[in-house]
Amino acid sequence: MEKHEVSGLVLGLISGLFLLNLSHYGDLLGGGNLFFVASALSWASLTLATQKIRHEVHPVAINFYTTLFSVITYAPLFLWNTNMMEIGSFDGWFWGNLLFVSCLSTAFGTTIYYQAISIVGASKASTFGLMVPVNALLLSWLFLGETPTHETLIGGSLAILAIYLINLYRPSHLQRFRRR
């Protein structure tokens, strides 16, 4: 890895800490955050494993098996919660939306992500995940009228800078600022 890529990864980590909006670092492992940390580690592991098998297995098959692995891994956590059993009482509108989101955005989007891994590699493809909170921030502001916090704006800006450093930065970009 080059220096600018390492810097981008560090900035991506720092942006994640800002976006979590923790009052102190002990909150990272408290509440529901532990589940999100475990999910991030699981996603990172699956991304790295995908890079290893990217030329032997089709992205749709990779998506199917990683989703199956995730369901098997996390299903016991949901089955343990008795409130999850109420899901069967929801109406057709709920099930239609669930089908739409799971098929179109999750299956289609994740398959494209796995295809991107085979083209640009795991480290570069995974940096675009940093755009998820930035897009969520923008859409919640536009459609829901939510006001972003300073921490969220700083974290989002750092995420965009991290993506630039990892995917787009070239040393020649700084030549225009150097004195001759």
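**Figure 1. Overall view of the predicted chain.** From the N terminus on, the elements of the protein chain run α-α-α-α-α-α-α, which amounts to seven helices and zero strands, where helices (H or I, at least four residues) and strands (E, at least two) are DSSP runs numbered from the N terminus. This is a predicted model, in which local features need pLDDT of at least 70 and side-chain atom pairs count only at pLDDT 80 or more, while totals for chains, interfaces and linings use all residues. Residues are numbered from 1 along each chain as its sequence is written, and side-chain values use heavy atoms, with hydrogens and water left out. Of the 180 residues in the protein chain, 22% are buried, buried meaning under 20% relative accessible area, exposed over 50%, and partly exposed in between (1.4 Å probe, protein chains only). The protein chain exposes about 13000 Å², of which carbon and sulfur atoms supply 71%, as computed by the Shrake-Rupley method with a 1.4 Å probe. Among contacts (heavy atoms within 4.5 Å) between residues at least 6 apart in sequence, 75% join residues at least 24 apart.

Figure 2. Helix 1 covers residues 3-20, and its 18 residues should span 26 Å at 1.5 Å a residue, which agrees with the 26 Å between its end C-alpha atoms; the expected span is 1.5 Å times one less than the number of residues. His4, Glu5, Gly8, Leu11, Gly12 and Ser15 are buried in this helix. Seen down the axis of helix 1, the buried residues fall within an arc of 115 degrees, so they line one face of the helix, the arc being that of the directions from the helix axis to the C-beta atoms. An α-helix has 3.6 residues a turn, so residues three or four places apart point the same way. The buried residues of helix 1 pack against helix 5 (122-126) and helix 7 (150-168), whereas the face turned away from the buried side carries the exposed residues Lys3 and Leu13.

Figure 3. Tyr114 touches Trp43, Thr50, Pro59, Ile62, Asn63 and Thr66, not counting residues up to four places away in sequence.

Figure 4. A search of the whole structure finds three aromatic pairs, counting rings of Phe, Tyr and Trp (its six-membered ring) whose centres lie within 6.5 Å, with planes under 30 degrees apart taken as stacked, over 60 as edge-to-face and the rest as tilted. The rings of Phe90 and Phe94 have their centres 4.7 Å apart and their planes at 70 degrees, so the pair is edge-to-face. The rings of Phe94 and Trp95, with centres 5.2 Å apart and planes at 80 degrees, are likewise edge-to-face. Phe90, Phe94 and Trp95 form one aromatic cluster, and their relative accessible areas make Phe90 partly exposed at 41%, Phe94 partly exposed at 27% and Trp95 partly exposed at 38%.
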